[in-house]
Amino acid sequence: METLTTLREQKKAVTRRSLAAAALRLAMEHGLDGVTVEDIADEAGVSRRTFSNYFTSKEDAVLDADRERIRALVSLVEARPADEEAWPALRASTAELYRVRPLPDVEWMAQLRLLRRHPSLLAHQAGAQVALERDLTAVLVLREPDEEVARLMAATFLTTIRTGIGLWLEGAGEQQLPDLVDRLLSRVRVQGT
């Protein structure tokens, strides 16, 4: 039974990645406004109903890879040694995320370019950032019992990451993103670390 479940989950993951890749590819080719959910489903070889089982909108599909990175980051922070302070755990997890998912990643760069110019994607991204801040706060509170401090730390961390990505894009990738982000994170003064 476990093998069947594993195979089913693998098939679902493949379908999800296929839909997300089709959404991003079509949005890059035709602009987000020039793509419909039906176009994405057709490109991935599935029905509109199957698309709706995985995503609520085309924006949701385009941003799927970003959500995967977010989940990976939260998992990496959770997996850090329990006695490690919160800020060092965030920095180490970020370095590990960039090590595991080397940059620049073509899909990620395409997403960033789309995000910078399409209002509906910016709105979805803002919602994702709020959720990520909440999820990071929940993980950080295990290391930093003061919830206000944990929330402020999560918000500061995310702002620093966004700033680093913005500087990296503006510099056309002249600097290595992981080095730039780590340098910015090292400049933040955190009480107790």
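**Surroundings of S93**

Modeller: Leaving out residues up to four places away in sequence, S93 touches L73, L76, V77 and R80, where contact means heavy atoms within 4.5 Å. This is a predicted model, in which local features need pLDDT of at least 70 and side-chain atom pairs count only at pLDDT 80 or more, while totals for chains, interfaces and linings use all residues. Residues are numbered from 1 along each chain as its sequence is written, and side-chain values use heavy atoms, with hydrogens and water left out.

S93 belongs to helix α6, residues 86-100. Helices here are DSSP runs of H or I with at least four residues, strands are runs of E with at least two, and both are numbered from the N terminus. The relative accessible area of S93 is 1%, so S93 is buried. Buried means under 20% relative accessible area, exposed over 50%, and partly exposed in between, with a 1.4 Å probe and protein chains only.

L90 also touches V77. The largest nonpolar core has 30 residues, and L90, L136, L140 and F157 have the most contacts inside it. At least two residues of this core come from each of α5 (64-79), α6, α8 (119-140), α9 (147-170) and α10 (177-187). The largest share is that of α9, with nine residues. A second, separate core has 19 residues, among them A20, A27, F51 and V62. A nonpolar core is a set of buried Ala, Val, Leu, Ile, Met, Phe, Trp, Tyr and Cys residues joined through side-chain atoms within 4.5 Å. In soluble globular proteins, nonpolar side chains tend to be buried together.

Elsewhere, helix α2 (residues 37-44) has V37, I40 and A41 as its buried residues. They lie on the same side of α2 because they cover an arc of only 95 degrees around the axis; the arc is that of the directions from the helix axis to the C-beta atoms. Just after α2, G45 has a positive phi of about 75 degrees.

For the whole protein chain, there are ten helices and zero strands. Of its 193 residues, 40% are buried. Among contacts with a separation of 6 or more, 64% join residues 24 or more positions apart. The protein chain exposes about 11200 Å², of which carbon and sulfur atoms supply 53%; accessible areas come from the Shrake-Rupley method with a 1.4 Å probe, and for residues only the protein chains shown count as cover.
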